[in-house]
Amino acid sequence: MHGFTADIKKCFSSVDHNILMDTLTSIMKETVYYTIQGSGFGDKNRWRMYCCTGKTENEAKSKLEEKLRTLKRTERKCVQPIKRDILLEELQTIISSYHFKRGKTTLKVTRGVPQGHPVSSNFSHVYLSKFEDFYWRNELKNEENSMVYCRYEDDYVFFAKEKATVEKPV
């Protein structure tokens, strides 16, 4: 077994907002999504709050029950339907709200998602999945000496049986 690692340089700062929104729009096919919020005491008596979303009311409830399973004294809030268009508008607001300050000047950023924002890793995951579909998935499946890979955020590990396969530029 042979392998190598790779990192996408400046991944978070290079995400194109238009491509990200197009990708989110294409994968969100349902007209309504359901969210439910729940909370309770976890380890060391710390209060935990979860919000789960599903394509159906039961799916959202099931996801929340799984999260609340280990908590004590839990409570659940009502399920709220959210229309797809409103959810996409909210995501667009989050994506387009990034600004960069240099001194007294504030610039609106049209590329990138800031590292550390709660949804940035989700945005980069969606973005990189589209990239992988376009460049690698079909090509790697068709290789005679197939190569497999896994990713965490913007870091990749590639594996192949033959050394020559991993030495080819990806």
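This is a predicted model: local features need pLDDT of at least 70, side-chain atom pairs count only at pLDDT 80 or more; totals for chains, interfaces and linings use all residues.
1. **Largest pocket: size and centre.** The largest pocket holds about 670 Å³ of space. Its lining counts 21 residues. Closest to the centre are Met28, Thr53, Leu87, Leu91 and Asn122.

2. **Largest pocket: where the lining comes from.** Several elements contribute to this lining, each with at least two residues. The helices among them are α1 (17-27), α2 (57-68), α3 (84-96) and α4 (120-142). Strands β2 (32-41) and β3 (47-54) contribute as well. By residue class, the lining has 13 nonpolar, 4 polar and 4 charged members.

3. **Second largest pocket.** Here the volume is about 230 Å³. Which element gives the largest share of the lining? It is α4, with 7 residues. Among the lining residues are Tyr127, Leu128, Lys130, Phe131, Asp133, Phe134 and Tyr135. Ile8, Cys11, Ser14 and Ile19 also line this pocket. The split by class is 8 nonpolar, 1 polar and 2 charged.

4. **Thr23.** This residue sits in helix α1. Is Thr23 buried or exposed? Its relative accessibility is 5%, under the 20% cut-off, so Thr23 counts as buried. A polar atom of the Thr23 side chain lies 2.8 Å from the backbone oxygen of Ile19. Ile19 is also one of the residues lining the second largest pocket. Beyond neighbours within four places in sequence, Thr23 is in contact with Val126 and Lys130. Lys130, too, is in the lining of the second largest pocket.

5. **Lys10: backbone to check.** Most residues other than glycine have a negative phi. Lys10 is not a glycine, yet its phi is positive, at about 55°. Lys10 lies in the loop between β1 (2-7) and α1. With 61% relative accessibility, over the 50% cut-off, Lys10 is therefore classed as exposed.

6. Glu153 is another residue other than glycine with a positive phi, near 55°. Its place is the loop between β8 and β9 (155-160). How exposed is Glu153? The relative accessible area is 24%, so Glu153 falls in the partly exposed class, between the 20% and 50% cut-offs.

7. **Met147.** Strand β8 (residues 147-152) contains Met147. Met147 has a relative accessible area of 8%, which means it is buried by the 20% cut-off. Residue 160 is where β9 (155-160) ends.

8. **Cysteines.** A disulfide is a covalent bond between the sulfur atoms of two cysteines. How many disulfides does the structure hold? The count is 0. For Cys51, the nearest cysteine sulfur belongs to Cys52 and is 6.7 Å away. The cut-off for a disulfide is 2.5 Å, so Cys51 is in none. Cys51 is exposed, with a relative accessible area of 56%.

9. **Cys150.** Cys150 is likewise in no disulfide. Its nearest cysteine sulfur is that of Cys11, 15 Å away. Cys11 belongs to the lining of the second largest pocket. Cys150 has 44% relative accessibility and so counts as partly exposed.

Note on methods. Residues are numbered from 1 along each chain as its sequence is written. Side-chain values use heavy atoms; hydrogens and water are left out. On a 1 Å grid over the protein atoms alone, a cavity is a set of points where a 1.4 Å probe fits but cannot get out, and a pocket is an open set with protein on both sides within 12 Å along at least five of seven lines; lining residues have an atom within 4 Å of a point. Grid points are joined across faces, edges and corners, and a volume is the space filled by probe spheres set on the points. Helices (H or I, at least four residues) and strands (E, at least two) are DSSP runs, numbered from the N terminus. Ala, Val, Leu, Ile, Met, Phe, Trp, Tyr, Cys and Pro count as nonpolar, Asp, Glu, Lys and Arg as charged, and the others, Gly among them, as polar. Buried means under 20% relative accessible area, exposed over 50%, partly exposed in between (1.4 Å probe, protein chains only). A polar contact is a pair of N or O atoms within 3.5 Å; within protein, one must be able to donate a hydrogen and the other to accept it, and residues adjacent in sequence count only if both atoms are side-chain atoms. Contact means heavy atoms within 4.5 Å.
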